[in-house]
Amino acid sequence: MAVRPITVIGHRALHAPTKKVKEVTEDVRTLVADMFETMEAADGVGLAANQVGVRLRVFVYDCPVPDGPNARGVVVNPVLERLGTPAPLDLEEDGEGCLSVPGEWFPLARHPRARVTGTDLDGHEVVVEGEGLLARCLQHETDHLDGYLYVDRLTGPLKTEAREAVKDRGWVADGIVKWDPSTTDADEV
């Protein structure tokens, strides 16, 4: 297992839909193990394959849930179902971040519940359903696999603020396309 560099906003890999996994090979198993290690090193709750430069439809998650152990797993070829109606945006409660937009947080209204179906690494059906942070995580990671970052879904002044924050970080101007969570804190990128 290894910690892989995480792709930063502006890299084309983050804006292209991923490819369906046709067969779980040893390379895919290694990718998933590396993704778990990378997510842990980066202190994240989810990570999509294209965030580590691999255009396959797979994500991992390790997300806190109320009154229990973290929801943790892998979903291969996920299909998302958004459940319920998003509440009006709460600027204090609806903060969202992303390992590919390190150090930034912006409010984004999401559906209150979500369900993802897919398979695990052994081809068994997986159904993950959650609310709150887990629902946000499932929507966020599936968005990645569809070629969207959460900042792409922002509107109005928040979208402008996010663009300015990314510009101020200087990632594009400095040619930064990846960061290594094993050696760098997200706020330092």
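Some ground rules come before that. This is a predicted model, in which local features need pLDDT of at least 70 and side-chain atom pairs count only at pLDDT 80 or more, while totals for chains, interfaces and linings use all residues. Residues are numbered from 1 along each chain as its sequence is written, and side-chain values use heavy atoms, with hydrogens and water left out.

As for the names, helices (H or I, at least four residues) and strands (E, at least two) are DSSP runs, numbered from the N terminus. Two strands pair if DSSP finds at least two bridges between them.

Now the pairs themselves. Strand 2 (residues 46–48) runs antiparallel to strand 3, with 3 bridges, and G46 sits opposite Y61 of strand 3. On to strand 4 (residues 71–83), which pairs with strand 3 in the antiparallel sense over 6 bridges; there F59 stands opposite V75 of strand 4. At the other end of the order, strand 7 (residues 113–119) and strand 8 are antiparallel and joined by 7 bridges. In that pair, G118 faces V126 of strand 8.

Contact means heavy atoms within 4.5 Å.

Why is strand 3 described as largely enclosed by the rest of the structure? Because 5 of its 6 residues (58–63) are buried. Buried means under 20% relative accessible area, exposed over 50%, and partly exposed in between, with a 1.4 Å probe and protein chains only.

Next, the cysteines. How many disulfides does the rule count? The count is 0, where a disulfide is a pair of cysteine sulfur atoms within 2.5 Å. The sulfur of C63 has its closest cysteine sulfur in C137, 4.7 Å away, and that is too far for a bond. C137 is likewise in no disulfide, its nearest cysteine sulfur being that of C63. C63 counts as buried at 0% relative accessibility, and C137 counts as buried at 5%.

Helix 2 (residues 133–145) also holds H144. H144 is buried, with a relative accessible area of 0%. Leaving out residues up to four places away in sequence, H144 touches L14, A48, N50, Q51, C98, S100 and L149.

Then the largest pocket, with about 480 Å³ of space. The method uses a 1 Å grid over the protein atoms alone: a pocket is an open set of points where a 1.4 Å probe fits, with protein on both sides within 12 Å along at least five of seven lines, and lining residues have an atom within 4 Å of a point. Grid points are joined across faces, edges and corners, and the volume is the space filled by probe spheres set on the points. The largest pocket is lined by 25 residues, and the closest to its centre are G44, G97, C98, L99 and W105. Two elements give two or more residues to that lining: strand 5 (95–97) and helix 2. Helix 2 gives the most, with 6 residues.

Last, the loops. D43 is in the loop between helix 1 and strand 2. Its phi is near 60°, a positive value in a residue other than glycine, and D43 is exposed at 71% relative accessible area. In the loop between strand 3 and strand 4 we find D67, which has a positive phi of about 55° although it is not a glycine. D67 is exposed, with a relative accessible area of 85%.

N70 is found in the loop between strand 3 and strand 4. Is N70 buried, partly exposed or exposed? N70 is partly exposed, at 41%. Setting aside neighbours within four places in sequence, N70 is in contact with D62, C63, P64 and V65.
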